[in-house]
Each structure stands twice: as structure tokens, then as C-alpha cells.
Amino acid sequence: MLKLQKLKSENHLNKVVRQARQQKSGAVGFLVTSPWDPQSELIKKELHEAWEDFEQHFDLYEIDYFELPHAYCIFKARTPSLVCVLGKKTVVLDNPMSIRAEMDLDTLAVPRKP
């Protein structure tokens, strides 16, 4: 079941990022969204539908770009973006097709694996 945790303050965001960078294994994901961006809303909807019956294998947080513009300073990410923090390595995916492929979402361009 998808547990998309919403970050509401800069302090909470900084704390989660700091903890993610100190981890030796496992990834932490940040979905940078905006309520005014139709692609962001579509990706969130697809995530909830696709992951309804699946177990989540990593922590996934939602960052509302307008509530926390500080996220741009940290990740240089626009909306929508998926930021994966793997220890000291940070990967920013800001193309909707790349996000869908990484999250294993079914689209015509990125069909789900059988």
C-alpha cells in the first residue's frame, strides 16, 4: 500500500534529507509536486491506483513545491520531479516518462513489465 508522506516544513525536509544521506543502504524518494500542475496530480493519482495492492519498498515523501520552495535549493528540481537519495548520491528525474518508468507505472511509452 502506498504511503506518500507529505513534508510540511523546511525543518522536517532538512531532517529527512540529512537522515537519507546518512543511510548506508536503501533509497528515499521525494516526489516534488504542485497542486496547479496537472502532470503532478496525474502522477500522484496513477501512483495511488497502481500501488494500491503492492508493498512499498522504500520511503516516499511528497513535497508541495509552493509550500516548500526550499526543495528547489536542495535538489534543483522542478514539478513534477522524483528525487531519489541513495546515501551521498542524489538522482533527479524531472521528465514525466522517466518518473513513470522509475515508479513502474503503466503507460503507452513505458509498458509495465509482465
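Residues count as buried under 20% relative accessible area, as exposed over 50%, and as partly exposed in between. These legends describe a predicted model.

**View 1. Tyr 65 and Phe 66 fall into separate accessibility classes.** Tyr 65 has a relative accessibility of 22%, so this residue counts as partly exposed. Phe 66 reaches a relative accessible area of 52% and is therefore exposed. The two ring centres lie 6.1 Å apart. Their planes meet at 85 degrees, so the pair is edge-to-face.

**View 2. Trp 36 and Phe 66 form an aromatic pair.** The model holds four aromatic pairs. In the pair of Trp 36 and Phe 66, the centres are 5.0 Å apart. The planes stand at 90 degrees, an edge-to-face arrangement. Trp 36 lies in the loop between β2 and α2. Phe 66 lies in the loop between β3 and α3, which spans residues 70-75. The pair therefore ties together parts that are 30 residues apart in sequence. Both Trp 36 and Phe 66 are exposed.

**View 3. Five strands make up an open sheet.** The strand order is β1-β3-β2-β4-β5, and the pairing is mixed. Strands β1 (4-7) and β5 (89-93) are the edges, each pairing on one side only. From one strand to the next, the twist averages 25 degrees. Strands of a sheet pair through backbone hydrogen bonds, in either the parallel or the antiparallel sense.

**View 4. Strands β2 and β4 pair in the antiparallel sense.** Strand β2 covers residues 28-33, and strand β4 covers residues 81-86. Five bridges join the two strands. Phe 30 stands opposite Val 83 in β4. Phe 30 also belongs to an aromatic cluster with Tyr 61 and Phe 75.

**View 5. Helices α1 and α2 lie across strands of the sheet.** Helix α1 takes in residues 10-22. Helix α1 lies across β1, β2, β3 (59-64), β4 and β5. Its direction is at about 145 degrees to β2. Helix α2 takes in residues 38-50 and lies across β1, β2 and β3. Helix α2 runs at about 135 degrees to β2.

**View 6. Leu 4 is a buried residue of an edge strand.** Leu 4 sits in strand β1. Its relative accessible area is 18%, so Leu 4 counts as buried. Leaving aside residues up to four places away in sequence, Leu 4 touches Lys 44, His 48, Leu 60, Tyr 61 and Glu 62. Among these contacts, Tyr 61 is also a member of the cluster with Phe 30 and Phe 75. Leu 4 and Leu 47 are 43 residues apart in sequence. Their C-alpha atoms are 9.3 Å apart in space.

**View 7. Lys 76 lies over the face of Tyr 72.** The distance from the ring centre is 5.9 Å.

**View 8. The whole protein contains four helices and five strands.** From the N terminus on, the elements run β-α-β-α-β-α-β-β-α. The protein has 114 residues, and buried residues make up 40% of them. Consider contacts between residues at least 6 apart in sequence: 66% join residues at least 24 apart. The accessible surface comes to about 7000 Å². Carbon and sulfur atoms account for 52% of that surface.

Technical notes: Residues numbered from 1 in each chain as written. Predicted model: local features only at pLDDT ≥ 70, side-chain atom pairs only at ≥ 80, totals over all residues. Heavy atoms only, no water. Pairing = 2+ DSSP bridges. Axes fitted to C-alpha atoms, helices over the stretch in contact; angles between N-to-C directions. Contact = heavy atoms within 4.5 Å. Phe/Tyr/Trp six-rings, centres within 6.5 Å; stacked < 30°, edge-to-face > 60°. Buried < 20%, exposed > 50% of the residue type's maximum accessible area, 1.4 Å probe, protein only. Lys NZ or Arg CZ within 6 Å of the ring centre and 35° of its normal. Areas by Shrake-Rupley, 256 points an atom, 1.4 Å probe, with all protein chains shown as cover.
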